[in-house]
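Please look over the structure shown below before reading the report that accompanies it.

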Amino acid sequence: MNEQKDELVTRIEEARGKLNRSIDNKEDYDTIYQYSILLDTLIEQYIVAESNSRP
């Protein structure tokens, strides 16, 4: 389970970077929105993984 959470953390950091760059580069709304949805989904998966690993 720890590897899964580590992988999610890596993917969250990558998605956050993409979102931040798209905002900084003033990309179109749809692109920014899609990166935002991706980031939210990954964070949700991390929260679920974290809660499932608790005794």
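The report below takes up the helices, the contact between them, the loop and the surface.

The model is predicted, so that local features need pLDDT of at least 70 and side-chain atom pairs count only at pLDDT 80 or more, while totals for chains, interfaces and linings use all residues. Residues are numbered from 1 along each chain as its sequence is written, and side-chain values use heavy atoms, with hydrogens and water left out.

**Helix packing**

The axes of helix H1 (residues 2-24) and helix H2 (residues 29-52) come within 9 Å and cross at roughly 160°. Helices are DSSP runs of H or I with at least four residues, numbered from the N terminus, and axes are lines fitted to C-alpha atoms, for helices over the stretch in contact, with angles running from 0 to 180 degrees between N-to-C directions. This crossing angle makes H1 roughly antiparallel to H2, a term used for angles over 145 degrees. H1 passes H2 in a left-handed crossing, that is, one in which the near helix is turned anticlockwise from the far one by less than a right angle.

**The salt bridge between the helices**

Side chains of opposite charge can pair when their charged atoms come close. With a salt bridge taken as a side-chain nitrogen of Lys or Arg within 4 Å of a carboxyl oxygen of Asp or Glu, the count comes to one. Glu50 forms this salt bridge with Lys5, and the closest N and O atoms are 2.9 Å apart. The pair links distant parts of the chain, since Glu50 belongs to helix H2 and Lys5 to helix H1, 45 residues apart. Gln4, which is found in helix H1, and Ala49 are likewise 45 residues apart in sequence, and their C-alpha atoms are 7.9 Å apart in space.

**Exposure along the chain**

The table lists relative accessible areas for several residues, where buried means under 20%, exposed over 50% and partly exposed in between (1.4 Å probe, protein chains only).

| Residue | Relative accessible area | Class |
|---|---|---|
| Gln4 | 44% | partly exposed |
| Lys5 | 12% | buried |
| Val9 | 31% | partly exposed |
| Lys18 | 40% | partly exposed |
| Lys26 | 73% | exposed |
| Ile37 | 33% | partly exposed |
| Glu50 | 24% | partly exposed |

Lys26 lies in the loop between H1 and H2, and its phi is near 55°, a positive value in a residue other than glycine. Lys18 has its place in helix H1, and the C-alpha atoms of Lys18 and Gln4, 14 residues apart along the chain, are separated by 21 Å. Val9 is also in helix H1, and the C-alpha atoms of Val9 and Tyr29, 20 residues apart along the chain, are separated by 25 Å.

**A nonpolar surface patch**

Tyr29, Tyr33 and Ile37 form a nonpolar patch on the surface, with about 330 Å² of accessible area together. Such patches are made of residues with over 30% relative accessible area and no salt bridge, in which nonpolar side chains (Val, Leu, Ile, Met, Phe, Trp, Tyr) are joined within 5 Å and like charges within 9 Å. The areas come from the Shrake-Rupley method with a 1.4 Å probe, and for residues only the protein chains shown count as cover. Ile37, one of the patch residues, has its place in helix H2.

How values were computed: Helix = DSSP H or I, 4+ residues; strand = E, 2+ residues; numbered from the N terminus. Parallel < 35°, antiparallel > 145°, perpendicular 65-115°, else oblique.
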